[in-house]
Amino acid sequence: MSSGDDLIAEYNDNTFKYVAFFAKWLSPGLFLTFLIADFSVMRENFFFCLFIRSWMIPISLIVAKSLNSFTDFKSRQKIAFAFVLANGLLILPLIYLDDGYNSNYFAGLMLVMIGGLGFLPFSKPFSIAIYTLIILLYYVVCFSKNGFSGQTVMLMLTNSLFLAGAAALSIFVRRSFAAYEANSSKQRSKLKESKEALEKQSTSLELLNDKLEVNQLRLQSALNERERVISEKTQENIHLHFLKSHFSPQVIEHLNKGVSATSRSEICVMFVDIVDSTSRINSIDEYKFNKVISYFIDEVTRILLKHNVT
């Protein structure tokens with residue numbers, strides 16, 4: 001179904017809901033209110049008018065319930081057609097009692113025509129059927145009441161023109177209202193689509209934000225790991241630098257390679273001393289002595305490490 005068909009279906013559905021509301025709550029009260037006019041126009045037939053008007057209550061309730069029970073357009077159109085026709089049939093006896101073509105109730109018949117053709121979404125065949133039936137039944141009632149005189153025919157033709165004008169006005173009103181409703185539905189549809197698009201964009205932005213947060217956490221974790229590795233390597237280099245001053249390059253190389261295997265071998269221990277160290281200590285001050293000793297140790301260590309001696 002196209003978007004245009006969806007808008008038409010939505011418009012028809014809303015219209016039938018309005019008709020059901022009118023039939024249930026407004027129509028019976030409106031018709032009973034007309035009893036005031038009945039009392040002033042046909043006081044002698046007031047109870048007959050009351051009897052005719054009272055039929056509108058069960059008819060309206062049945063129509064309201066039926067329109068809410070059915071959902072397909074064809075069934076609802078038939079129910080609405082019967083409702084409009086019932087309104088016309090209830091007015092026709094009052095026209096007959098009130099002098100036929102000169103009846104004040106002719107305005108009520110025009111009101112039914114305007115309401116039926118102006119606001120209900122009837123198809124063309126149903127619109128023609130309603131107009132034709134109301135005109136024909138009106139002719140039957142008036143000719144039965146007033147006969148077939150020339151005056152009667154002229155007045156009937158005049159009233160027919162009024163009914164035709166009411167029908168044309170009703171169709172114009174209905175099409176204008178339908179166009180307005182269709183435009184409103186389009187606007188609502190566009191707003192709904194815009195809202196859905198904004199919701200999708202919002203969802204996409206939320207997902208993107210989640211991804212950014214995950215990537216940020218991963219990056220922070222990678223930076224922390226890098227800092228840890230750098231710290232470990234720095235401490236390791238410091239440690240190795242310290243070891244280089246106390247062990248031979250051969251031992252340091254084994255440590256760098258992570259070699260943990262050991263072997264048994266003979267070693268030679270060498271003791272080195274400074275000639276006349278005791279007398280020298282007594283002959284010079286402590287500062288110079290410490291300087292000589294430090295120089296001696298550095299030189300001996302350099303020579304020993306050069307020959308892989310630890």
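Start by selecting alanine 129, which sits in helix α7. This is a predicted model. Alanine 129 has a relative accessible area of 27%, so alanine 129 counts as partly exposed. Along the chain, alanine 129 and phenylalanine 81 are 48 residues apart.

Helix α7 covers residues 124-146, and serine 127 lies in it. Is serine 127 buried or exposed? Its relative accessibility is 9%, so serine 127 counts as buried. Show what surrounds it. Leaving out residues up to four places away in sequence, serine 127 touches Leu117, Phe122 and Arg174.

**Zoom out to the whole chain**

Colour the model by secondary structure. The protein chain has 11 helices and 0 strands. Follow the elements from the N terminus, and they read α-α-α-α-α-α-α-α-α-α-α. The protein chain has 310 residues, and 27% of them count as buried.

The accessible surface of the protein chain is about 21600 Å². Carbon and sulfur atoms hold 64% of that surface. Then think about contacts. Take those in the protein chain with a separation of 6 or more: 72% of them are between residues 24 or more positions apart.

**Find the largest pocket**

A probe the size of a water molecule, rolled over the atoms, shows where empty space is left. Here, the largest pocket has a volume of about 670 Å³. Which residues come closest to its centre? Select Phe22, Leu30, Leu111, Val112 and Gly115. They belong to a lining of 28 residues.

Now highlight the helices around the pocket. Four of them each supply at least two residues of the lining: α1 (3-33), α2 (35-41), α5 (73-97) and α6 (106-119). Colour the lining by residue type. It divides into 21 nonpolar, 6 polar and 1 charged.

**Visit the salt bridges**

How many salt bridges does the structure hold? There are 3.

Begin with arginine 53 and aspartate 38. Their side chains meet in a salt bridge, at 2.9 Å from N to O. This pair links distant parts of the chain. Arginine 53 is in helix α3 (residues 46-54), aspartate 38 is in helix α2, and the two are 15 residues apart. Arginine 53 has 4% relative accessibility, so arginine 53 counts as buried. Aspartate 38 has a relative accessible area of 0%, so aspartate 38 is buried. The cut-off for buried is under 20%.

Move on to helix α8, which spans residues 150-244. Select glutamate 225 and arginine 228. A salt bridge joins their side chains, at 2.3 Å from N to O. Why are these two separated by about one helical turn? Because glutamate 225 and arginine 228 are 3 residues apart in helix α8.

Glutamate 232 and arginine 228 are 4 residues apart in helix α8, so about one helical turn separates them. Show all three residues together. Glu225, Arg228 and Glu232 form one network, joined by salt bridges that share partners.

Finish by checking the exposure of this trio. Glutamate 225 has 38% relative accessibility and counts as partly exposed. Arginine 228 is partly exposed, with a relative accessible area of 38%. Glutamate 232 is partly exposed too, with a relative accessible area of 43%. Arginine 53 counts as buried, and aspartate 38 is buried, whereas glutamate 232 is partly exposed.

Definitions and conventions:
Residues numbered from 1 in each chain as written. Predicted model: local features only at pLDDT ≥ 70, side-chain atom pairs only at ≥ 80, totals over all residues. Heavy atoms only, no water. 1 Å grid on protein atoms, 1.4 Å probe; cavity = no way out; pocket = protein on both sides within 12 Å on 5 of 7 lines; lining within 4 Å. Points joined across faces, edges and corners; volume = space filled by probe spheres on them. Nonpolar A, V, L, I, M, F, W, Y, C, P; charged D, E, K, R; others polar. Salt bridge = Lys/Arg side-chain N within 4 Å of Asp/Glu carboxyl O. Buried < 20%, exposed > 50% of the residue type's maximum accessible area, 1.4 Å probe, protein only. Contact = heavy atoms within 4.5 Å. Areas by Shrake-Rupley, 256 points an atom, 1.4 Å probe, with all protein chains shown as cover.
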